[in-house]
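This report describes a surface feature and the helix that contributes to it. The sequence and the structure are shown first.

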Amino acid sequence: MPVIGLLLGHLPQARTTRLLSSLLHAAAPSGTRLVELTPSELPLHAPYTDAPLPHAGIEWKRQLDAVDGLLVITPTHERSIPGTLKHALDWASASPTSLEDKPVIIAGAAAPGAGSFMALVHLRTVLSDAGALVMGQPERTLTVQSSDFSAHGHCHSAELDAQAHALLGAAAGYVAHIARAGGSGPLPTVPTDPVRAVRAEQATAPMSPAAGIAAFVDSVATADPLAATGDPLYATVRTDSTTGVPAA
């Protein structure tokens, strides 16, 4: 059973964040398990390159290594991703990185009318630079607000429920695709580059005639409709086929 780790950036409302997490767990397709990842007690600074990882950093990387793929959902904070999410990814990519060749699906989370494009661009850049196999287009965004959930925590927004199921279905399919493609390691490439193959043939272009190409000038005998005379001298006029001017 594939296991997908959920890394959920904090929404403006704590209650909405937790209820969205519950909805995503419920939307996971049969045969797929969703596990929320919660980095705890990470140092406030970025990982040092000249010091061993602290215990919290090691435990965080173990959580990441235990899942087959990641689903990272980000709200937009000042046209970027939340600082806590970026901090968690910084520690995830600390050497030895836990994101290299990891299949990752990203999505935004925003209120109706609010965008998430810039946050997703930033998130994709961070993950790609860390070596993760980030799922390509289309970019997905969950349209979520506090009023989408009842007092008992039930989601009564058909749109949000459909978005959650579509997102989890795509995530499960992508992780399974990477696993079928060979598990860890780069995605398979096209075995033959058609352009390179043509160049490798070193085929020569046809040679031009030794005498060059004859000028496209010709003279033909054409009947002149203006020469409405019975005189045989004017019955036919030799003209240049390129200019129509009577030839000498």
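In this predicted model, Phe 117, Met 118 and Val 121 form a nonpolar surface patch of about 270 Å². Val 121 belongs to helix α4, which spans residues 117–129. Because its relative accessible area is 34%, Val 121 counts as partly exposed, the class that lies between buried, under 20%, and exposed, over 50%.

Helix α4 comprises 13 residues, and the distance from its first C-alpha to its last is 18 Å, close to the 18 Å expected at 1.5 Å a residue. Its buried residues are Ala 119, Leu 120, Leu 123, Arg 124, Val 126 and Leu 127. These residues lie on the same side of α4, because they cover an arc of only 165° around the axis. An α-helix has 3.6 residues a turn, so residues three or four places apart point the same way. The face turned away from the buried side of α4 carries the exposed residues Phe 117 and Asp 129.

The elements against which the buried residues of α4 pack are listed below.

| Element | Residues |
|---|---|
| β3 | 69–74 |
| α3 | 83–92 |
| β4 | 103–110 |
| β5 | 133–134 |
| β6 | 141–143 |

After α4 comes Gly 131, with a positive phi near 95°.

The chain as a whole contains seven helices and eight strands, and 36% of its 248 residues are buried. Of the contacts with a separation of 6 or more, 70% are between residues 24 or more positions apart. The chain exposes about 14,800 Å², of which carbon and sulfur atoms supply 59%.

Terms used: Residues are numbered from 1 along each chain as its sequence is written. This is a predicted model: local features need pLDDT of at least 70, side-chain atom pairs count only at pLDDT 80 or more; totals for chains, interfaces and linings use all residues. Side-chain values use heavy atoms; hydrogens and water are left out. Patches are made of residues with over 30% relative accessible area and no salt bridge: like charges are joined within 9 Å, nonpolar side chains (Val, Leu, Ile, Met, Phe, Trp, Tyr) within 5 Å. Accessible areas come from the Shrake-Rupley method with a 1.4 Å probe; for residues, only the protein chains shown count as cover. A salt bridge is a side-chain nitrogen of Lys or Arg within 4 Å of a carboxyl oxygen of Asp or Glu. Helices (H or I, at least four residues) and strands (E, at least two) are DSSP runs, numbered from the N terminus. Buried means under 20% relative accessible area, exposed over 50%, partly exposed in between (1.4 Å probe, protein chains only). The expected span of a helix is 1.5 Å times one less than its number of residues. The arc is that of the directions from the helix axis to the C-beta atoms. Contact means heavy atoms within 4.5 Å.
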